[in-house]
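Please look through the sequence and the 3D structure shown here, and then read the notes that go with them.

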Amino acid sequence: MGCCDADHAAPVPEGLTSATLAPPDLNRRTVLGGVAAIAGLLSAAGPAAAQQKELKKLKLAFCSQILCIIPYEVARAQGHWRNHGLDVELVYTRGGGAAMQALVGGAVDYAATALDVAIQAYAKGAEIRRFATTGRLPLFALVTAPKAANAVKDLKSLEGKTVAVSGLGNADHALLLFLLKQAGADKDKVQVATLGVNILEALRQGQVDAGLVQEPALTVLTSAGSRTLVNAMDLNDAQKYLGGPYEFMGVAVRAKEVEQRREEMLLVAKGLDDALKAIPKLKPDDMVNALPKELLAGADIAQLREVLGRYATSLYPEKVTIDLDSSRRVAETLKTAGLVKPDADVSGLHDTSIVKG
């Protein structure tokens, strides 16, 4: 299960949940797992509408994690896919697992999920191929409770303490076990508490000593006095604690359709590649404006702008080419956590023939 699964702690910034999205036009939107998908929010009019009809229509399932979706919504809203002849409908689902199920079940053409979701699905026999990447860092930070900031100063000092994760087997749990091993800490001396979406409040109240959180929880806690032990959303910390970039979001297709979709897959990748190249030049407002208004309902927009301004250049790679070394780090993390068998060969998951170099 990945960071984008429905039961994961803070899968999107507060108020930005796909469950709030309603489908006023069922001819243009698809409902998967009880969640309304968004399509055609920037529908064309007049002469442009005729041109729109000539585009190749595709459906891409997505886990609804707000920081992960930026390259995809930028590709859609700024016309990068359209420039390559594609009309891509982003189908929002409840988590990466649901998006992967939609792909395997044939409900969509492509699925964008965290790599840990794809690896676990592949290891269990799912016939999928991953051919493009849009994220190079996990969306987690390991922080102390404000009350424990003075007592817990590094990973080793977590021994004898209680650390919160969203659930056993989730990506944050796997990352915790990997970090403890790398630091030479005895994982058996660390009490793990599974708190679902309640980690922020448990940390704030000092009910646990530390926890894996995402944004905006990290900003809230550091403002309250928490110590950040590892911020995996920061390239420097990723280099120090993970050994470098850590392959994250990416696009998968059904393996049996690779040959017939090869040209189409290249166009999907080109649109995303254009979006990734555009993101460093965009202001936070530009990225926020690319998002569907329904997804922003109830959100703290100022806080979202701040988060995007801080992390955009770190989270998103410069191109969609899969980094195999980075991917192996993720696989090793899952093996360390026992989520994938130690002898599992997942190298066949990646198809690097579509996007090269």
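The briefing that follows begins with the chain as a whole and then turns to single topics.

This is a predicted model, in which local features need pLDDT of at least 70 and side-chain atom pairs count only at pLDDT 80 or more, while totals for chains, interfaces and linings use all residues. Residues are numbered from 1 along each chain as its sequence is written, and side-chain values use heavy atoms, with hydrogens and water left out. The protein chain holds 13 helices and 12 strands, where helices (H or I, at least four residues) and strands (E, at least two) are DSSP runs numbered from the N terminus.

**Chain and core**
- Of the 357 residues in the protein chain, 56% are buried; buried means under 20% relative accessible area, exposed over 50%, and partly exposed in between, with a 1.4 Å probe and protein chains only.
- Among the contacts (heavy atoms within 4.5 Å) with a separation of 6 or more, 81% are between residues 24 or more positions apart.
- The largest nonpolar core has 119 residues, and those with the most contacts inside it are Y72, F131, L142 and L158; such a core is a set of buried Ala, Val, Leu, Ile, Met, Phe, Trp, Tyr and Cys residues joined through side-chain atoms within 4.5 Å.
- In soluble globular proteins, nonpolar side chains tend to be buried together.

**The five-stranded sheet**
- An open sheet of five strands has the order β4-β3-β5-β12-β6, with mixed pairing, and two strands pair if DSSP finds at least two bridges between them.
- The edge strands of this sheet are β4 (86-92) and β6 (128-133), each of which pairs on one side only.
- Strand β3 (residues 56-62) runs parallel to β4 and is joined to β4 by seven bridges, and L60 stands opposite L90 in β4.
- Helix α4 (residues 96-104) packs on the sheet, touching β3, β5 (110-114), β6 and β12 (249-254), and its direction makes about 155° with that of β5; axes are lines fitted to C-alpha atoms, for helices over the stretch in contact, and angles run from 0 to 180 degrees between N-to-C directions.

**Aromatic rings**
- The structure holds three aromatic pairs, counted for rings of Phe, Tyr and Trp (its six-membered ring) with centres within 6.5 Å, where planes under 30 degrees apart are stacked, over 60 edge-to-face and the rest tilted.
- One of them is the tilted pair of F62 and Y92, with 6.3 Å centre to centre and 55° between the planes.
- Because F62 lies in strand β3 and Y92 in strand β4, this pair ties together parts that are 30 residues apart in sequence.
- Both F62 and Y92 are buried, and together with Y72 they form one aromatic cluster.

**Strand β7 and its partners**
- Strand β7 (residues 141-144) is covered on both faces, with A141 and V143 buried on one side and L142 and T144 buried on the other.
- Strand β10 (residues 210-213) runs antiparallel to β7 and is joined to it by four bridges, with T144 opposite A210.
- Strand β11 (residues 228-231) pairs with β7 in the antiparallel sense over three bridges, and T228 is the bridge partner of V143.
- Not counting residues up to four places away in sequence, L142 touches several residues, including L155, L158, A210, L212 and T228.

**An exposed residue**
- K240 lies in helix α9 (residues 235-242), and K240 counts as exposed because its relative accessibility is 63%.
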